[in-house]
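Hello,

Here is the structure for you to look through. My notes follow below it.

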Amino acid sequence: MPDKRPDRPAKPHRWNDRSSDDKKRPTAAARTRDALGPPVPSSEITPRALYLRRREFIGGAIASLALGLPSPSNATPLSFEKGPFGTAEPLTPKKDVTTYNNFYEFGTDKSDPASYSGALKTSPWSVAIDGLVAKPATLALDEILKLAPLEERIYRLRCVEGWSMVIPWIGFPLSALLARVEPLGSAKFVAFETLVRPSEMPGQRGFFQPLDWPYREGLRLDEAMHPLTILAVGLYGETLPNQNGAPLRLVVPWKYGFKSIKSIVRVSLVESQPPTSWNMQNAREYGFYSNVNPAVDHPRWSQATERRIGEGGLFAPRRPTLPFNGYGEQVASLYAGMDLKADF
Ligand code: MTE
């Protein structure tokens with residue numbers, strides 16, 4: 001994350017080693033059993049007529065996802081229902097959500113992903129799910145879309161750089177994908193990888209490479225199984241634009257945005273904490289957990305406040321950053337007994 005603006009992390013320096021650190025935790029099952037969120041109020045459930053009308057779109061939407069039509073011009077409406085964990089905060093304008101992006105495979109400027117991701121071919125697309133599972137599988141996108149109904153999840157996204165957005169994602173719980181492959185008892189972490197395709201990803205070509213590809217991320221299994229954690233296939237009611245991680249990306253709203261890996265092609269269940277891109281790039285600055293935490297500053301800037309994109313520009317007053325990005329009620333118990341200043 002090059003250091004061109006006050007709210008951007010610095011240019012990468014070098015790779016740092018980080019040894020695996022598989023700490024003993026209560027089982028994922030024990031942690032996730034109690035984690036189900038509040039039921040959706042009936043007022044938030046999509047009226048049946050609207051739902052049925054949206055249903056008409058789903059065939060086309062799945063076809064569009066499968067065909068990997070470029071976005072946003074060919075974005076297709078998705079059929080979905082309102083999900084839990086919504087917020088009444090104003091949504092970040094779609095224009096900002098789709099033009100102010102981090103997707104280093106397409107370049108390091110905020111405008112690069114929107115400018116250069118149009119050539120990314122997202123069809124055919126499949127995701128390999130392997131490692132410590134009873135039923136490893138390589139699933140095509142349309143098979144993945146049948147795993148669970150699509151929901152709208154309106155989440156805050158807080159980037160480690162000090163800015164934030166409110167985004168209406170369309171997706172489904174990651175737990176549905178994991179259940180499909182039946183994780184073994186020995187699985188403790190989930191590792192994710194993004195596509196490597198330099199011919200369509202200009203940021204993966206050339207002399208300056210900000211990260212070692214593929215972009216990698218990871219979660220503890222209980223974090224991955226948590227109902228807040230989703231795989232998103234759309235935003236603002238339509239299929240994901242390429243710059244936002246089409247056709248399938250992770251969204252973990254209580255962690256800094258870099259954990260929410262885009263354009264995923266591999267999900268592996270593993271025993272030890274997996275290497276992750278920004279932690280490998282600079283372990284002192286980017287922790288594996290990276291839970292949003294106003295009490296733990298980045299070594300080079302404060303994390304106490306944030307700039308809400310679309311809210312009055314650079315001179316708008318910054319707003320306080322909330323622990324776990326405001327999702328503490330749902331997720332703080334995952335970290336009971338941990339020192340989050342050490343495990344930042
Ligand atoms: N995933 C990949 N593969 N490559 C990236 O560079 N950037 C991350 C994350 N996922 C990134 C990625 C960062 S730093 C952030 S803040 C979010 O994506 C931004 O998501 P958005 O552009 O949809 O807002």
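**Helix α6 and the residue after it**

Helix α6 covers residues 174-181, and its buried residues are Leu174, Ser175, Leu177, Leu178 and Val181. Viewed down the axis of α6, these buried residues fall within an arc of 160°, so they line one face of the helix. An α-helix has 3.6 residues a turn, so residues three or four places apart point the same way. Please keep in mind that this is a predicted model.

Glu182 lies in the loop between α6 and β6. Its phi is positive, about 55°, although Glu182 is not a glycine. Most residues other than glycine have a negative phi, and most peptide bonds are trans. Glu182 has a relative accessibility of 36%, so it counts as partly exposed.

**Other backbone points**

Ser290 is not a glycine either, and has a positive phi of about 50°. Ser290 sits in the loop between α8 and β12. Is Ser290 buried or exposed? Its relative accessibility is 4%, and because buried means under 20%, Ser290 counts as buried.

Two cis peptide bonds are worth a look. One runs from Ser123 to Pro124, with omega near 0°. Pro124 is in the loop between α4 and β2 (126-131). Another runs from Trp213 to Pro214, again with omega near 0°. Pro214 belongs to the loop between β6 and β7 (216-220).

**Aromatic pairs**

How many aromatic pairs does the structure hold? There are 10. Tyr104 and Trp278 form one of them, and this pair is edge-to-face. The ring centres of Tyr104 and Trp278 are 5.7 Å apart, with 80° between the planes. Tyr104 is in the loop between α3 (94-99) and α4 (112-116), while Trp278 is in helix α8 (residues 277-281), so the pair ties together parts that are 174 residues apart in sequence. Both Tyr104 and Trp278 are buried.

Phe189 and Phe288 make another pair. Their ring centres are 5.9 Å apart and their planes meet at 75°, so this pair is edge-to-face. What does this pair tie together? Phe189 lies in strand β6 (residues 189-194) and Phe288 in the loop between α8 and β12 (305-308), so the pair ties together parts that are 99 residues apart in sequence. Phe189 has 1% relative accessibility and therefore counts as buried. Phe288 also counts as buried, because its relative accessibility is 1%.

Phe189 and Phe288 also belong to one aromatic cluster, together with Tyr289, Phe324 and Tyr335.

**Charges over rings**

Which charged end sits over the ring of Phe288? That of Lys259 does, 4.2 Å from the ring centre. Elsewhere, Lys110 lies over the face of Tyr100. Here the distance to the ring centre is 5.5 Å.

**The ligand**

How many residues surround the ligand? The count is 17. The closest are Asn101, Tyr104, Glu105, Arg249 and Lys262.

- Asn101: an N or O atom in its side chain is 2.8 Å from an oxygen atom of the ligand.
- Tyr104: a backbone N or O atom lies 2.8 Å from an oxygen atom of the ligand.
- Asn244: an N or O atom in its side chain is 3.0 Å from an oxygen atom of the ligand.

How much of the ligand does the protein cover? On its own, the ligand has 530 Å² of accessible area, and the protein covers 99% of that.

**Ala332**

Last, please look at Ala332. Ala332 is in the segment after α9 (328-331). Its relative accessibility is 32%, so Ala332 counts as partly exposed. The C-alpha atoms of Ala332 and Trp254 are separated by 9.6 Å. Along the chain, Ala332 and Trp254 are 78 residues apart.

**Where to start**

I would open the view at Tyr104. Then go to Phe288. Phe288 pairs edge-to-face with Phe189 and has the charged end of Lys259 over its ring.

Best wishes

Terms used:
Residues numbered from 1 in each chain as written. Predicted model: local features only at pLDDT ≥ 70, side-chain atom pairs only at ≥ 80, totals over all residues. Heavy atoms only, no water. Helix = DSSP H or I, 4+ residues; strand = E, 2+ residues; numbered from the N terminus. Buried < 20%, exposed > 50% of the residue type's maximum accessible area, 1.4 Å probe, protein only. Phe/Tyr/Trp six-rings, centres within 6.5 Å; stacked < 30°, edge-to-face > 60°. Lys NZ or Arg CZ within 6 Å of the ring centre and 35° of its normal. Arc of directions from axis to C-beta. Near = heavy atom within 4 Å. Polar contact = N/O pair within 3.5 Å; in protein donor to acceptor, adjacent residues only side chain to side chain. Areas by Shrake-Rupley, 256 points an atom, 1.4 Å probe, with all protein chains shown as cover.
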